[in-house]
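Dear colleague,

I am sending you the structure that we discussed, and my notes on it follow below. Please read them with the structure open beside you.

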Amino acid sequence: MSADRLPYEKGFHVSWDQIHRDARALAWRLDGKGPGEGGAWKAVVGITRGGLVPAMIVSRELDIRVVDSISVKSYHSGGGKADQRREAQVIKAPNAELMGDGAGILIVDDLVDSGKTLELIRGLYPKAHFACVYAKPEGEKQADTYITSVSQDTWIFFPWDMALQYVQPMRGSD
Ligand SMILES: O=P(O)(O)OC[C@H]1O[C@H](OP(=O)(O)OP(=O)(O)O)[C@H](O)[C@@H]1O
Ligand code: HPA
Ligand SMILES: [Mg+2]
C-alpha cells in the first residue's frame, strides 16, 4: 500500500466484473426516475476520470446517447501540513447549453468520499441528479443515489488502478 493510503484501515478491492454489476444496479435504480416524459433523463455526465466507467455503463443501460464529461482537479492548499485544505476546481466543463441548471442531467461518479467533488459540481448545477456507485459516510449526503456504502476508513481500489500479480502461498514448502 502506498504512503497516502496508510490512514485507511481497510481495503475494498473491486474487480471489473463487480464494478460492471454495481454500475448496472445503479442504472436500474435510476431507470424511469428522470423528470422528462416517461421518467426520461436528458443526458449523462461522467466525472472524469473514475466516473467515466460507470457513466458509460449507465448510459448504455438507459439508452442515453447524449454523454458529456466534467473534470475536477483537487489539490492541497495552505501552509504547513496541519492547515492544508483540499480545494477543488473545474478544469473542463460540460456543454453549458446542455447543462442549464442541471435539470434532467444525471451526473455519475465512481464514488463519493469527503463529498467535496460533488459539492462543487452541485453548486454549479443545483437541479442535477448525482449518482455514485460507492459512498462513504462523510460525503454520502451529496449523492442522491448510490449502490454500496463502505466505512470512512476503507480505501476503495478500482480495477483500473490494479494489476494481477503473484502472491506467495500462505505456507511455504519445505
Ligand atoms: O468525495 P471526494 O473526497 O471529493 O472524492 C471522490 C472523488 O475522488 C476520486 O477522484 P479523483 O479526484 O482522485 O480523480 P480520478 O477520478 O481522476 O481518479 C473519485 O473518483 C471521486 O471523483
Ligand atoms: O477510496 C477511494 N478509492 C479511490 N479513489 C478515491 N478517491 C477518494 N477516495 C477514494
Ligand atoms: Mg474521480
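**The shell around ligand 1**

By class, the residues around ligand 1 comprise three nonpolar, seven polar and five charged ones. Here Ala, Val, Leu, Ile, Met, Phe, Trp, Tyr, Cys and Pro count as nonpolar, Asp, Glu, Lys and Arg as charged, and the others, Gly among them, as polar. This is a predicted model, in which local features need pLDDT of at least 70 and side-chain atom pairs count only at pLDDT 80 or more, while totals for chains, interfaces and linings use all residues. Residues are numbered from 1 along each chain as its sequence is written, and chains are lettered from A and ligands numbered from 1 in the order in which they are written.

In total, 15 residues surround ligand 1, and the closest are Arg49, Gly50, Asp113, Ser114 and Thr117. A residue belongs to such a shell if its C-beta atom, placed from the backbone, lies within 6 Å of the molecule. Two or more residues each come from β2, β5 (105-112) and α4 (116-124). Strand β5 gives the largest share, four residues. Helices (H or I, at least four residues) and strands (E, at least two) are DSSP runs, numbered from the N terminus.

**Two residues of this shell**

Gly50 lies in the loop between β2 (43-48) and α2 (52-61). Is Gly50 buried or exposed? Gly50 is buried, because 21 other C-beta atoms lie within 10 Å. A residue is buried if 20 or more other C-beta atoms lie within 10 Å of its own, exposed if 12 or fewer, and partly exposed in between, with C-beta atoms placed from the backbone. Apart from neighbours within four places in sequence, Gly50 is in contact (C-beta atoms, placed from the backbone, within 7 Å) with Asp109, Asp110 and Phe158.

Ser114 sits in the loop between β5 and α4. With 15 C-beta neighbours inside 10 Å, Ser114 is partly exposed. Leaving aside neighbours within four places in sequence, Ser114 is in contact with Glu138 and Gly139.

**Helix α4**

Thr117, Leu118 and Ile121 are buried in α4. These residues are on the same side of α4, because they cover an arc of only 90° around the axis (taken from the directions from the helix axis to the C-beta atoms).

**Ligand 2**

Around ligand 2 are Leu111, Asp113, Trp155 and Ile156. By class, three of these are nonpolar, none polar and one charged.

Yours sincerely

Terms used: Contact = placed C-beta atoms within 7 Å.
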